[in-house]
Amino acid sequence: MSLAFDIVVAGCPWLEEIEKPWPLLSFTPMPEALSPISFKRFLSICKGLACESHSPSAYEEKWDFSSYIDNETDIFKFDDDPGYSGSGGDKKRMDSPALEVRELEELPEQWRRARLAWLCKQLPAHKAGTLVRILNAQKKWMRQEDATYVAVHCMRIREHEAGFRVYKWMIQQHWYQFDFALATKLSDYMGKEGNAPVQGCLEEACSIYNRMIQLGGYQPRLSLHNSLFRALISKPGEHSKHYLKQAEFIFHNLVTSGLEIQKNVYVGLIWLHSYQDNIDKGRIASLREEMKQAGIEEDKELLLSVLRACSREGDVEEAERAWLKLFRIDGGLPTQAFVYRMEVFAKVGEYLKSLEIFREMQESLGSAGVAAYHKIMEVLCQAQEMELAELLMQEFINCGMKPLMPAFIDLMNMYLNLNLHDKLKSAFSACLETCRPNRTIYNIYLDSLVKSGDLHKAEDTFNHMCSNETVGVDTRSCNIILKGYLSSGDYMKAEKIYDLMCQKKYDIESSLMEKLDYILSLSRKEVKKLVSLKLSKDQREILVGLLLGGLQIDSDEERKKHKIRFEFNETSSTHSVLRRHLYDQYHEWLHPPVSLVMVVVMYLTDFLLSRTLTLVSTQISFGQKVGP
C-alpha cells in the first residue's frame, strides 16, 4: 500500500503569502513595522481561522483531559455576539485611501503594454511556484507601476490569490516603495469576497494587526479587534495559551481606543490566563472586578476557568467559591468542574477528598468520564495509595473506557518508586494486552529490570525496543541500560552503548560520565563531546527524498530561514511508523515539544544543487503525543 500524507509548509498551504520575516521560534506582540494590510483582508483571515479551529484537529493532545469528556472540549465557547461579525458597535473608523492606477492604453511603450497584457492573462492560470518564476523572469524591465497594474487587474477579475501573490512578490523587490493605498485597496478587493486564501496562519494575522497599530493613522474597527481575539482563543487551551501576550495587547488597544469591551473578551482573556504555567491570580481578579463594574455576570465558562486556575495553584478557598457559584447555575455541573476540583485538593495533599469528589461525580452524573479516571489514578499513584489505585484501575478497565495508557503509566511509575518489580511486570503485561505499546511504558519496564538486577532480561527488552519501529529507543532508554552495564561491570557492552549514543547524538547522564571516562581511558578512547550539530549522510538523503517527493519550504528574504510542517493521519499505522522514524532520525535537532508541536532547529550548508539551505525552524504536528 502506498504511503500518502500531506506535507504542509509552515502550517498552511499558502505560506508564500506570509509577510517576511516570519516569526519562527517565538511570537512577539510588536514585530517590526512592515507594509500594512487592511482590516478586510485580516478579518477574512480571522473568520477562516475561527472556522478552521473548530474542526477536529491534529493539535489536540492524546492525554488532554478535556479530550475525553463527552460533548466538552477545552476550546473556548463563544456566546452569540454581533460584535464578532460586521462592524456593529464601532466608534471609530478611517476609510481606505484612494488608489490611482494607470490604464493600459496610457502606457507609452507598446512592448510594455503587450507584456503586461500577457502577464494579466497568464498569471491567474498558474500555481504559486510557476507564478513567481514568471515574475522573476520579468525583473529586468518590470517596475512598481507595472506590478501594481497586474495586481489590481487580478483583483478586478476576482483572481484574489494571484493578485496577492503579485503584491507579495512586488514588496520583496529592491525598487519597491511602500504604497499604503495599494496595500489597503488590494486587501479590500479580497475582503469583499470573504475568501482570503490563507488557512491556519494565525501568526500572520497577528503580525498584520500589530502593524496597523504601530503605523498609526489607521484605526482598526471593533470587529477587527474581536475577530483576532476570537481566533487567538479558538484553539485548544494548551495551544492557545502561548498567545496570552497578544491577547493582552488587543485588550489594551480596546481600552485605549475607547472601544466597547465585550463579555467574550473578558471571559476569553481569563480562559487564557487559566492555562498558563504560572497563574497570575492578581490579573484574573482584576479582570473579574472589571466585569463586575461593567455589569457582566460570571457564566459557566468563566467559573470553569477560575477552577482551572485554582487547580494549578492549589487555591482551595477560591475553588470552593467558584464551585458554589457553578452549583447555582442552571444546566448541571460540567464534568470538567469535578476534575479541576479533584486536582485542587490533590495539590494540597488531600487525596482522599479527591477520591470523595470522584465518587460524587459518579453519583451525580451516573458515571465518571475518562478524564476523571485519569486524574484520580494520577492522584492516588502520586500519593502511593496502592490498594485504592489498583481498585480504581480494575474499575477503569472493567467499564470499557479508553485510553488506558495514562493510567497504566501512573500505576507502573508508582510500582517503580516502591520497588515492587513483580507487580510492575504484571501491569506491563496487562498493558500490552489492552493498549498499543509505546516507548514510555517500555522505558519504565526497562528501568525496573535494571533496578531489580535482571540485566539479561533488560538486554533482551532493549534489543526488542531497538528492532521494533513502533517503539524504538531514546536517550532515557540508552542511559538506563548503560547504567545497568556499568553497575554490573560489563564494560564492553557499556562501550557499545556509548558508541550507539554517540552515533545517535544522545546526551549521557552526568552521574554516569565520571565512571565512563575512566573506562574509556583504559581503552584509550576519548569521550566524544559534541560541539556543533551536523547532518549525517542518512539525514541528508531523507531530506532530499522529502524534497523530491513534493516537500515545500518557505524561505525568508535572505534564504537563511525556512519553515516546514508535516501532518500525519493519526489513524494510520503506516503514518505512525513514519512519524516515529522521522523523530528518531532528527531527535538531536528537537527542542522539548510544546503541546503537539515540535520545533526542529537544523543548519544545512551547501545542500541540494549547491544552494545554501538553512533550516531554522520546522514544526511537525502529529495526531498524538510526539516523542517518547
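Is S257 buried or exposed? In this predicted model, where local features need pLDDT of at least 70, side-chain atom pairs count only at pLDDT 80 or more, and totals for chains, interfaces and linings use all residues, S257 turns out to be buried, with a relative accessible area of 11%. Buried means under 20% relative accessible area, exposed over 50%, and partly exposed in between (1.4 Å probe, protein chains only). Residues are numbered from 1 along each chain as its sequence is written, and side-chain values use heavy atoms, with hydrogens and water left out.

S257 sits in the loop between helix 10 (244–256) and helix 11 (263–274); helices are DSSP runs of H or I, at least four residues long, numbered from the N terminus. Along the sequence S257 is 38 residues from Q219, yet their C-alpha atoms are 8.6 Å apart in space.

Now for the nonpolar cores, meaning sets of buried Ala, Val, Leu, Ile, Met, Phe, Trp, Tyr and Cys residues joined through side-chain atoms within 4.5 Å. The largest one has 113 residues, and F358, L411, I441 and L482 have the most contacts inside it. Helix 19 (residues 405–417) supplies the largest share of this core, nine residues. Apart from it lies another core of 27 residues, including L123 and W169.

Leaving aside its neighbours within four places in sequence, I441 is in contact (heavy atoms within 4.5 Å) with M405, F408, I409, M412, F428 and C431. Elsewhere, L352, L355, F358, R359 and Q362 of helix 16 meet L388, L392 and E395 of helix 18.

Technical notes
Helix = DSSP H or I, 4+ residues; strand = E, 2+ residues; numbered from the N terminus.
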